[in-house]
Amino acid sequence: YEITTRLVGSEMCIRDRMMGEYIIYNHWKVVGGIYDDCFLVKSTPSTIKMMPNAQMELPYEGAKKMILVDEVENKTFLKKLLEGIYEDFKKERFGD
């Protein structure tokens, strides 16, 4: 998938193919994935702020809804998006 190439260019993001889909990690935390050719990320304060009108999708049956990322061509946007998710995770973990 072309989107994984854009994401993996940074040292903070890796991908892992699992059951035909790609799971996207940032600093070893799952931040999203590519499901049925759609890039979905976890709903966090920063993803909602960056994409307030984004559509929510189910990645697979039984999962929580995730945010559909439409702006997959913009590497700068994607990097900022993943950094924001990571910062949200840090705040949640450490209670900031």
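Two strands are said to pair if DSSP finds at least two bridges between them. Strands (E, at least two residues) and helices (H or I, at least four) are DSSP runs, numbered from the N terminus. Strand β2 (residues 21-26) and β3 meet in this way: 5 bridges join them, and they run antiparallel.

The model is predicted: local features need pLDDT of at least 70, side-chain atom pairs count only at pLDDT 80 or more, and totals for chains, interfaces and linings use all residues. Residues are numbered from 1 along each chain as its sequence is written, and side-chain values use heavy atoms, with hydrogens and water left out.

The protein chain has 3 helices and 6 strands. From the N terminus on, the order of elements is α-β-β-β-β-α-β-β-α. The chain has 96 residues, of which 41% count as buried. Buried means under 20% relative accessible area, exposed over 50%, and partly exposed in between (1.4 Å probe, protein chains only). Among contacts in the protein chain with a separation of 6 or more, 45% are between residues 24 or more positions apart.

With β2, strand β3 forms a hairpin with 2 residues between the strands. H27, in the turn, has a positive phi of about 55°. The bridge partner of N26 in β3 is K29. N26 itself belongs to strand β2. At 0% relative accessibility, N26 counts as buried. The side chain of N26 also reaches the backbone oxygen of L82, at 2.6 Å. This is a polar contact: a pair of N or O atoms within 3.5 Å, where, within protein, one must be able to donate a hydrogen and the other to accept it, and residues adjacent in sequence count only if both atoms are side-chain atoms.

Strand β4 (residues 38-41) is joined to β3 by 4 bridges, and these two strands also run antiparallel. The bridge partner of G32 in β4 is V41. The hairpin of β3 and β4 has 2 residues between the strands. D36 is found in this loop. Its phi is near 50°, a positive value in a residue other than glycine. D37 also has its place in the loop between β3 and β4. The phi of D37 is near 65°, again positive in a residue other than glycine. D36 counts as exposed, at 60% relative accessibility. D37 is exposed too, with a relative accessible area of 59%.

Of the 7 residues of β3, 5 are buried, so the strand is largely enclosed by the rest of the structure. Y35 counts as buried, at 9% relative accessibility.

A search of the whole structure finds 1 aromatic pair. Y35 and Y60 form this pair, which is tilted, with 6.2 Å centre to centre and 50° between the planes. Y35 lies in strand β3 (residues 29-35) and Y60 in the loop between β5 (56-57) and β6 (66-68), so the pair ties together parts that are 25 residues apart in sequence. Rings of Phe, Tyr and Trp (its six-membered ring) pair if their centres lie within 6.5 Å; planes under 30 degrees apart count as stacked, over 60 as edge-to-face and the rest as tilted.

Conventions. Contact = heavy atoms within 4.5 Å.
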